[in-house]
Amino acid sequence: VEVVDDSAVLQADYPLLAAVARASLAVDRHRPCVVRLSWSGEGDPDRTVCIAGKGVTYDTGGADLKVGGSMAGMRRDKCGAAAAAGFVLACARAPKEMTRGLRVIVELGCVRNSIGPDAYVADEIITGHAGKRVLVGNTDMEGRMVLADCLSHLRDRILKQHYASPVLLSLATLTGHASLSYGPYAVALDN
């Protein structure tokens, strides 16, 4: 387990995540971090699962504030990160024959999407870890911002480490738009 919580490091290495978290920096318990988890089964790795988990600890919507009661329940916006961490635990507890040769690498982007004087706003252009510029259209799309940087880091690790048979996944709670389309339960989309 490794925790990256230095503000300067997050700003440099996870600029999209850091933008989402900007308004939360004034409150110590709301400060962002990236939690890196890795686990390997017995034997030489012959397959690798890399997961980015959305860990928005609370989502106010940011400057595009959620209104009309839609903020209720946004404490659950961290369930993608919880599921990713749970996957690591499940692998560790699984019978050894099921996980032989498996490597799991996880990045959990843990932020609070707060409102405040330094909140990121629509029309900002922010360059992410991948070098791509993002035009913020709505600050309630924080999960995509957080996951983009985490996925970019995982992609870099896959390419630099030459992991065996890599699979790259992201886990997140449903967006409001997805639940309007599919209902209030679950949906699985490939990346």
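## Salt-bridge tour

Start by selecting E42, which counts as partly exposed at 40% relative accessibility (buried is under 20% relative accessible area, exposed over 50%, partly exposed in between, with a 1.4 Å probe and protein chains only). This is a predicted model, where local features need pLDDT of at least 70, side-chain atom pairs count only at pLDDT 80 or more, and totals for chains, interfaces and linings use all residues. Residues are numbered from 1 along each chain as its sequence is written, and side-chain values use heavy atoms, with hydrogens and water left out.

R100 lies in the loop between α4 (96-99) and β4, and E42 in the loop between β2 and β3 (47-59), so the pair ties together parts 58 residues apart in sequence. R100 is partly exposed too, with a relative accessible area of 44%.

Next, select R36 and E107. Their closest N and O atoms are 3.3 Å apart, in another salt bridge. R36 sits in strand β2 (residues 33-40) and E107 in strand β4 (residues 102-113), 71 residues apart. Helices (H or I, at least four residues) and strands (E, at least two) are DSSP runs, numbered from the N terminus. Both R36 and E107 are buried.

Move on to R155 and D156. Their side chains form a salt bridge at 3.1 Å, N to O. R155 is partly exposed, at 34% relative accessibility.

Last, show E2 with R36 and E107: salt bridges that share partners join these residues into one network. Across the whole structure, a search finds nine salt bridges.

Key. A salt bridge is a side-chain nitrogen of Lys or Arg within 4 Å of a carboxyl oxygen of Asp or Glu.
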